[in-house]
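Hello,

Here is the structure I promised to pass on to you. Please open it alongside this note, and my notes on it follow just below.

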Amino acid sequence: MTYDFDEVIDRSRTNSAKWLHYDQDVLPMWVADCDFVSPEPVRRALRRYVEHGIYGYPYKAEGSFEQATIRWCHDRLRFDCQARDVEFVPSLTTALSLAVLAFTQPGENVLIQTPVYPPFKSVAVNNGRHSVTNPLINEGDGNWSIDWLDFEAKCADPKTTLFLLCNPQNPTGRVFTAEELERMVDLCHEHGVVIFSDEVHADFVYGGAVHISLPTLGEKARSLSVVGLNPSKTFNIAGLRAASVVIHNPELMRRYRRASARVDAGRNGPGVLAYTVAFTQCDDYVEAVRAYVEGNLRYAVRFINERIEGVTAYMPQATYLLWLDCRGLPVETQEELDDFMVSVAKVGMNSGSSFGEEGDRFLRLNVACPRSVLTEALERIERAVGALKA
Ligand SMILES: Cc1ncc(COP(=O)(O)O)c(C=O)c1O
């Protein structure tokens with residue numbers, strides 16, 4: 001099947017968070033939400049669901065949802081799991097919150113590596129836990145490395161009981177190596193820290209980098225890990241609210257389910273359907289959308305470095321997000337930078353400091369859109385920055 005990712009589809013009259021957040025004259029290039037249509041098998045299944053006309057409670061017993069997850073983990077992530085290791089959750093943000101409730105006590109520490117997707121911090125703080133950070137080190141060449149002494153010290157603190165790992169990393173685009181992940185697992189194992197491996201960006205990996213799903217590292221990794229999966233990014237079905245966690249360790253699963261039972265979120269009928277079809281019938285779409293996005297990333301990196309003075313971009317190893325270093329622009333603060341891009345350039349991007357203080361005067365640009373829309377955004381930034389310097 002061929003896909004036309006160049007097609008521009010008007011989302012402004014849908015209830016889209018991405019498209020309604022800013023005024024109409026601002027091009028939204030922020031939240032991790034694509035402007036591509038979902039794969040045809042997903043749309044066909046949803047059309048049938050809608051046409052049936054009855055939208056009652058979905059059946060909850062282990063079935064196609066779990067089988068789809070098992071299949072995806074085996075074929076794409078290269079590890080085996082069983083139905084009893086799989087649990088539905090409406091979203092990964094919910095799963096992160098449930099993990100905090102399940103694996104930590106009030107007042108304990110939840111470890112994160114900043115800059116990182118902002119809910120990694122808020123799920124700890126909102127649940128009365130401390131968020132402690134192991135800041136990634138900006139190597140200055142697009143690479144962000146781990147401060148191991150600090151990581152070990154934070155793990156060794158008896159109050160640290162959970163580590164939220166963004167694998168691959170949003171917003172830096174890092175793909176952690178097997179050696180790095182094994183070292184994290186060893187240190188967490190030594191100090192009794194559970195790892196939540198958020199793998200939502202795993203399909204968007206480029207240039208020889210290989211995504212390593214945590215359970216593939218062996219028994220030790222499986223004994224302490226919770227893996228978060230969601231087809232939402234790859235297949236553009238985030239609004240359907242259906243994700244999963246995979247937990248091999250029965251004791252960790254028992255604790256997770258006890259926390260989950262407190263809110264008993266229930267399953268989402270169309271969400272479970274779209275998830276199941278996406279994880280079983282749409283592998284060709286994954287490669288097609290990944291290749292298109294890789295083209296967009298390479299194009300944007302070249303454009304920015306050649307034509308937008310003061311902004312530096314590096315080809316990320318993963319995600320469809322570009323982490324722009326704007327410290328070369330003549331703006332003093334993040335607020336000034338954000339305001340300039342929205343009010344003058346008319347391009348809406350995520351504010352770098354919302355990912356942690358290491359993101360000060362960075363911006364996150366989402367390139368998962370038709371090339372023509374990306375070009376328009378880049379040209380707007382180029383014009384505004386050019387006028388700033390004139
Ligand atoms: C690393 C990461 N985790 C989770 C999410 C959100 O997932 P969900 O919509 O399932 O809460 C995002 C969205 O951008 C993300 O980047």
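Let me start with a pair of strands: β13 and β14 (residues 362-366) run antiparallel to each other and are joined over two bridges. Strands here are DSSP runs of E with at least two residues, helices are runs of H or I with at least four, and both are numbered from the N terminus. Two strands pair if DSSP finds at least two bridges between them. Across this pairing, asparagine 350 faces arginine 364 in β14. The two strands belong to an open sheet of three, ordered β11-β14-β13, with antiparallel pairing. β11 and β13 (350-351) are the edge strands with a single partner strand each, so one side of each has no neighbour in the sheet.

Before you read on, please keep in mind that this is a predicted model: local features need pLDDT of at least 70 and side-chain atom pairs count only at pLDDT 80 or more, while totals for chains, interfaces and linings use all residues. Residues are numbered from 1 along each chain as its sequence is written.

**The chain as a whole**

The protein chain has 14 helices and 14 strands. Its C-alpha atoms fill a box of roughly 65 × 55 × 35 Å along the principal axes. The radius of gyration is 21 Å, which agrees with the value near 21 Å for a compact globule of 390 residues (taken over C-alpha atoms; the globule rule is 2.2 Å times the number of residues to the power 0.38). Of the 390 residues, 48% count as buried. Buried means that 20 or more other C-beta atoms lie within 10 Å of a residue's own, exposed means 12 or fewer, and partly exposed is in between, with C-beta atoms placed from the backbone.

**Two domains**

The chain is divided into domain 1 (17-39 + 284-389) and domain 2 (44-281), with bounds from an automatic or database domain assignment. Their centres, taken over C-alpha atoms, are 26 Å apart. Domain 1 gives 27 residues to the contact and domain 2 gives 31; residues are in contact if their C-beta atoms, placed from the backbone, lie within 7 Å. On the side of domain 1 that touches domain 2, α12 (283-307) and β11 (321-325) are the elements that give two or more residues. The largest share, six residues, comes from α12. That side of domain 1 divides into 16 nonpolar, six polar and five charged residues. Here Ala, Val, Leu, Ile, Met, Phe, Trp, Tyr, Cys and Pro count as nonpolar, Asp, Glu, Lys and Arg as charged, and the others, Gly among them, as polar.

**Around the ligand**

Which residues come nearest to the ligand? Of the 13 around it, they are Ala32, Ser91, Leu92, Thr93 and Tyr117; a residue counts as near if its C-beta atom, placed from the backbone, lies within 6 Å. The shell is made up of seven nonpolar, five polar and one charged.

**Backbone details to look at**

Threonine 114 and proline 115 are joined by a cis peptide bond, with omega about 0 degrees. Proline 115 sits in the loop between β3 (109-112) and α5 (119-125). Another cis peptide bond links asparagine 170 and proline 171, with omega about 20 degrees.

Arginine 78 is not a glycine, yet has a positive phi of about 65 degrees. Arginine 78 is partly exposed, with 13 C-beta neighbours inside 10 Å.

Enjoy looking through it!

Terms used:
Contact = placed C-beta atoms within 7 Å.
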